[in-house]
Amino acid sequence: MHYDLLIRGGTCVTPWGSDTMDVGVRDGRIAALGVPAGATAEAVIDAAGLHVLPGLIDSHVHLRDPGDPAVETIETGTRAAILGGIATLFDMPNTVPPVADAGRVAWKRDYVAGRSWCDIGLYVAGTKTNIDALAALEREAGVCAVKVFAGSSTAALMIEDDAHLERAMRAGHRRMAFHSEDEYRLQARKALFSRGQPYRTHMAWRDPECAFLGTRRLMALARRTGRATHILHVSTAEELAYLRDFRDVATVEVLVNHLTQVAPECYDTLGGFGVMNPPIRDARHRAAAWAALRDGTVDTVGSDHAPHARAAKAQPWPDCPAGLTGVQTLVPVMLDHVAAGRLSLARLVDLMAAGPARVYGLLGKGRIAAGYDADFTLVDLKAHRRIEESWIASPCGWTPFAGLEVTGWPVATIVRGTPVMRDDAVLGEPVGRLARFAA
């Protein structure tokens with residue numbers, strides 16, 4: 001038997017367990033699990049001592065393209081992704097101009113070709129002015145979901161009132177993703193604070209009630225309309241406890257930052273480089289995020305990679321824009337949590353492969369099984385590394401995890417049977433294309 005690629009001797013993490021086996025790849029798909037010793041291939045990867053995971057997915061990424069190429073582009077952001085072990089990512093729509101109509105979706109589909117190192121799904125922005133088009137937009141090729149900013153966005157992209165939110169939920173049927181903060185409370189509280197206050201003021205302004213109130217409102221509307229929702233970057237203990245009673249209409253994302261960093265210390269250490277929305281919160285909320293991850297409340301973990309120029313992040317609060325880099329560091333940080341015993345490797349795969357595929361209706365990805373896309377993330381669970389800014393591929397050049405010592409590291413990324421990263425080296429040319437989703 002001849003294959004295009006053989007992955008020999010790795011411990012494969014499959015839906016039914018972990019086992020050492022050889023994987024055969026043909027025509028970009030998994031052709032066989034367990035390959036005879038005499039099989040041949042055009043290329044062979046020796047994975048002895050490594051764990052072979054399904055290609056990991058970051059379902060929450062802002063590639064900023066079109067936007068400012070000095071901060072990020074599709075080429076640089078996806079290069080960062082594969083260096084970090086990500087085989088597929090979903091790109092947010094708040095670009096300049098935003099992806100909010102069929103013309104921009106078509107433009108981005110063409111633009112991705114030849115520029116992306118990994119496969120991509122595209123979010124479409126839901127706005128007050130395009131609600132009537134959302135049912136058609138969510139069915140466009142390559143679209144992973146409609147994203148609605150219910151708070152914390154520019155006015156043109158925000159849907160903050162219940163009347164328009166309900167209309168949006170009634171437009172279409174696929175799961176809709178939400179940034180859940182209550183814009184009315186955010187604006188009412190803004191006058192309580194002033195420029196130049198400590199960066200930790202960010203979590204006081206955007207307090208837990210801002211997020212919890214937004215989520216309560218969205219769940220009431222989801223129940224009323226029957227619309228499936230995905231609540232992004234859930235950051236409070238109150239939301240996580242509340243959402244357990246809405247599993248019929250809601251899935252849940254938690255960010256690696258809310259699992260790893262803790263306030264107020266992060267603001268004192270990182271300054272503006274710790275400012276994101278929703279904010280990093282105190283230890284009580286971080287503990288609740290881990291409890292929710294362990295009991296199955298959490299469906300996906302993402303990075304919310306949202307780069308800004310270093311000079312912009314160094315500005316006083318609140319002039320420093322919210323958003324942190326993360327697509328390249330997501331896998332190493334989560335593997336370090338595995339090494340520390342906070343979650344199993346199987347749960348990591350569920351959260352970063354099977355989970356995103358299930359939530360978004362992603363086709364052909366998310367598991368190691370015959371017939372699926374030959375996407376793999378090979379990891380060395382024993383590798384000890386320090387995250388250095390010199391390793392970061394995004395042009396902005398910084399990470400809030402700089403200097404963090406981790407155990408566990410991605411050593412290869414394979415996209416549809418093509419190795420695109422091995423031992424920190426990017427290989428070949430960009431091969432990424434649009435991911436496929438169930439309509």
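Helix α4 passes helix α7 in a right-handed crossing, a term used when the near helix is turned clockwise from the far one by less than a right angle. The model is a predicted one, in which local features need pLDDT of at least 70 and side-chain atom pairs count only at pLDDT 80 or more, while totals for chains, interfaces and linings use all residues. Residues are numbered from 1 along each chain as its sequence is written, and side-chain values use heavy atoms, with hydrogens and water left out.

Two packed helices are described by the angle between their axes and the distance between the axes. For α4, which covers residues 162–169, and α7, which covers residues 208–225, the angle is about 45° and the axes are 10 Å apart; the axes are lines fitted to C-alpha atoms over the stretch in contact, and angles run from 0 to 180 degrees between N-to-C directions. The helices α4 and α7 are therefore oblique to each other, since angles under 35 degrees count as roughly parallel, over 145 as roughly antiparallel, 65 to 115 as roughly perpendicular and the rest as oblique. On the α4 side, the contact (heavy atoms within 4.5 Å) is made by Asp162, Leu165, Glu166 and Met169, and on the α7 side by Arg217, Leu218, Leu221, Ala222, Arg224 and Thr225. Sorted by class, the residues of this contact of α4 with α7 divide into 5 nonpolar, 1 polar and 4 charged, where Ala, Val, Leu, Ile, Met, Phe, Trp, Tyr, Cys and Pro count as nonpolar, Asp, Glu, Lys and Arg as charged, and the others, Gly among them, as polar.

Helix α4 also holds Arg167, which has a relative accessible area of 39% and is partly exposed; buried means under 20% relative accessible area, exposed over 50%, and partly exposed in between, with a 1.4 Å probe and protein chains only. If residues up to four places away in sequence are not counted, Arg167 touches Ile131 and Asp132. The C-alpha atom of Arg167 is separated by 33 Å from that of Gly326, a residue 159 places away along the chain.

Helix α13 is mostly covered, with 9 of its 10 residues buried, and the buried residues include Asp336 and His337. Just after α13 comes Gly341, whose phi is positive, about 85°.

Helix α1, residues 74–83, is likewise mostly covered, since 8 of its 10 residues are buried; among them are Ile74, Thr76, Gly77 and Leu83. What covers the buried residues of α1 includes strands β7 (86–91) and β8 (119–125) as well as helix α2 (102–112).

Most residues other than glycine have a negative phi, and most peptide bonds are trans. Where does the backbone depart from this pattern? In the loop between β6 (56–61) and α1 lies Pro66, and the peptide bond from Asp65 to Pro66 is cis, with omega near 10°. The loop between β6 and α1 also contains Arg64, which is not a glycine and yet has a positive phi of about 60°; at 17% relative accessibility, Arg64 counts as buried. Another cis peptide bond joins Asn277 and Pro278, with omega about -10°, and Pro278 lies in the loop between α10 (265–270) and α11 (283–294). Asp304, in the loop between β13 (300–302) and α12 (310–313), has a positive phi near 50° although it is a residue other than glycine, and at 8% relative accessibility Asp304 is buried.

How many disulfides does the structure hold? The number is 0, a disulfide being a pair of cysteine sulfur atoms within 2.5 Å. Cys210 is in no disulfide, and the nearest cysteine sulfur, that of Cys320, is 17 Å away. Cys210 is buried, with a relative accessible area of 0%, and Cys12 is buried with a value of 0% as well.

Note on methods
Helices (H or I, at least four residues) and strands (E, at least two) are DSSP runs, numbered from the N terminus.
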